[in-house]
Amino acid sequence: MNKKRLLIIDDDSRNIFALENTLRAKSFDCLSCLSAEEALKILNADENIDAVLIDMMMPEMDGYDAIPLIKKIASHESTFIIAVTAQAMTGDKEKCLEAGADDYISKPVDVDKLLLILSKI
């Protein structure tokens, strides 16, 4: 079984560090970047990404703007996208799913819940 490749997009390097270390320990191959703009460059150049974890609240381009652009990349129109947000208020999950995310998880990330979501890819 091949390792699943994940792209983690978050403007806070501490979040990336924590997610990468946790997911690598669970046998995922992780790439990361600090902005949606950088993520779009990576995704345009790399067809072999199985899922994207994207922070919804980032400066310049947030996840709500980035997800539709990711889905427009021909090689990633069906890539599984997980919205990651510190906002855990009523309606946030629906807003993320409306933007095109396939699933949603709130911060602080519950690792067991994230692994359950990642089992779908």
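Is Thr-85 buried or exposed? Thr-85 is buried, with a relative accessible area of 0%; buried means under 20% relative accessible area, exposed over 50% and partly exposed in between, with a 1.4 Å probe and protein chains only. This is a predicted model, in which local features need pLDDT of at least 70 and side-chain atom pairs count only at pLDDT 80 or more, while totals for chains, interfaces and linings use all residues. Residues are numbered from 1 along each chain as its sequence is written, and side-chain values use heavy atoms, with hydrogens and water left out.

**Thr-85**
- Thr-85 is part of strand E4, residues 80-85; helices (H or I, at least four residues) and strands (E, at least two) are DSSP runs, numbered from the N terminus.
- Leaving aside residues up to four places away in sequence, Thr-85 touches Met-56, Met-57, Tyr-104, Ile-105, Ser-106 and Lys-107 (contact means heavy atoms within 4.5 Å).

**Strand E1**
- Strand E1 covers residues 5-9, and five of its five residues are buried.
- Arg-5, Leu-7 and Ile-9 point one way from E1, while Leu-6 and Ile-8 point the other way.

**Partners of E1**
- E1 and strand E2 (residues 29-33) run parallel and are joined by five bridges; two strands pair if DSSP finds at least two bridges between them.
- Strand E3 (residues 51-55) also runs parallel to E1, with four bridges joining the two.
- Leu-6 has Cys-30 as its bridge partner in E2 and Ala-51 as its bridge partner in E3.

**Crossover**
- E1, helix H1 (residues 13-25) and E2 form a right-handed β-α-β unit; right-handed means that, with the strands pointing away from the viewer, the path from the first strand over the helix to the second runs clockwise.
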